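Welcome! Take a moment to look over the chain below before reading on.

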Amino acid sequence: MICLDEFALQLVQDWLAERHRRWPLSTNSYLIVSPLTALHINRPSVGIANFSSLRDRIGINFTQLRQDRFLDEARETADPVRLMRLFGITSYTAIHYVRTAHPERFTIDPTQA
């Protein structure tokens with residue numbers, strides 16, 4: 001199960017409305033389609049070229065975008081278990097992002113060590 005926050009859910013709903021407006025007869029079941037694939041169910045949803053042009057326009061690669069999403073969620077929840085469930089990442093990775101987002105929670109006071 002994938003949980004979306006309200007903002008992400010609204011983006012998906014807006015995209016589905018826009019997609020239906022653009023291609024009302026599309027039977028392609030993929031969420032993200034291109035003008036070439038919207039009306040052809042036997043074609044993949046989108047090609048790497050679609051994402052490459054997007055990446056070039058925004059100036060960030062998809063690894064950075066993914067990492068930024070992890071960090072944003074860690075800032076919001078500070079719950080490594082939620083990060084693990086939401087993104088399918090390991091406990092080590094989830095704790096890394098929570099530590100990065102909330103370093104004040106993980107500092108050790110030298111007088112207490």
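Is Arg-21 buried or exposed? With a relative accessibility of 58%, Arg-21 counts as exposed, where buried means under 20% relative accessible area, exposed over 50%, and partly exposed in between (1.4 Å probe, protein chains only). What you see is a predicted model, in which local features need pLDDT of at least 70 and side-chain atom pairs count only at pLDDT 80 or more, while totals for chains, interfaces and linings use all residues. Residues are numbered from 1 along each chain as its sequence is written, and side-chain values use heavy atoms, with hydrogens and water left out.

**The overall picture**

- The protein chain has five helices and zero strands, where helices (H or I, at least four residues) and strands (E, at least two) are DSSP runs numbered from the N terminus.
- The protein chain has 113 residues, and 21% of them are buried.
- About 8,800 Å² of the protein chain is accessible surface, and carbon and sulfur atoms account for 57% of that; these areas come from the Shrake-Rupley method with a 1.4 Å probe, and for residues only the protein chains shown count as cover.
- Of the contacts between residues at least 6 apart in sequence, 15% join residues at least 24 apart; contact means heavy atoms within 4.5 Å.

**Salt bridges**

- The count comes to five salt bridges, each being a side-chain nitrogen of Lys or Arg within 4 Å of a carboxyl oxygen of Asp or Glu.
- Arg-21 is one partner in such a bridge, meeting the side chain of Glu-18 at 2.6 Å, N to O.
- Both Glu-18 and Arg-21 belong to helix α1, where they sit three residues apart, about one turn of the helix.
- Glu-18 is partly exposed, at 23% relative accessibility.
- Glu-73 is buried, with a relative accessible area of 5%, and its side chain forms a salt bridge with that of Arg-69 (3.1 Å, N to O).
- Glu-73 and Arg-69 are about one helical turn from each other because they are four residues apart in helix α3.
- Glu-73 also has a salt bridge with Arg-82, with the closest N and O atoms 2.9 Å apart.
- Arg-69 is partly exposed at 29% relative accessibility, and Arg-82 is partly exposed with a relative accessible area of 31%.
- Salt bridges link Arg-69, Asp-72, Glu-73 and Arg-82 in a network.

**Aromatic rings**

- There are three aromatic pairs; rings of Phe, Tyr and Trp (its six-membered ring) pair if their centres lie within 6.5 Å, and planes under 30 degrees apart count as stacked, over 60 as edge-to-face and the rest as tilted.
- One of these pairs joins Trp-15 and Trp-23 in an edge-to-face arrangement, 6.4 Å centre to centre with 70° between the planes.
- Trp-15 is partly exposed, with a relative accessible area of 24%, whereas Trp-23 is buried at 13% relative accessibility.
- Phe-70 and Phe-87 make a tilted pair, because their ring centres are 4.5 Å apart and their planes are at 55°.
- Phe-70 lies in helix α3 and Phe-87 in helix α4 (residues 80-87), so this pair ties together parts that are 17 residues apart in sequence.
- Phe-70 counts as buried at 4% relative accessibility, while Phe-87 counts as partly exposed at 21%.
- Phe-70, Phe-87 and Tyr-97 come together as one aromatic cluster.

**Around His-102**

- You will find His-102 in the segment after α5 (91-101), and it is buried, with a relative accessible area of 10%.
- A polar atom of the His-102 side chain lies 3.0 Å from the backbone oxygen of Ala-74.
- Not counting residues up to four places away in sequence, His-102 touches Ala-74, Arg-75 and Ala-78.
- Arg-75 sits in helix α3 (residues 62-77) and is partly exposed, with a relative accessible area of 47%.
- Leaving aside neighbours within four places in sequence, Arg-75 is in contact with Ala-101 and His-102.
- Arg-75 and Ala-101 are 26 residues apart along the chain, and their C-alpha atoms are separated by 5.1 Å.

Methods:
A polar contact is a pair of N or O atoms within 3.5 Å; within protein, one must be able to donate a hydrogen and the other to accept it, and residues adjacent in sequence count only if both atoms are side-chain atoms.
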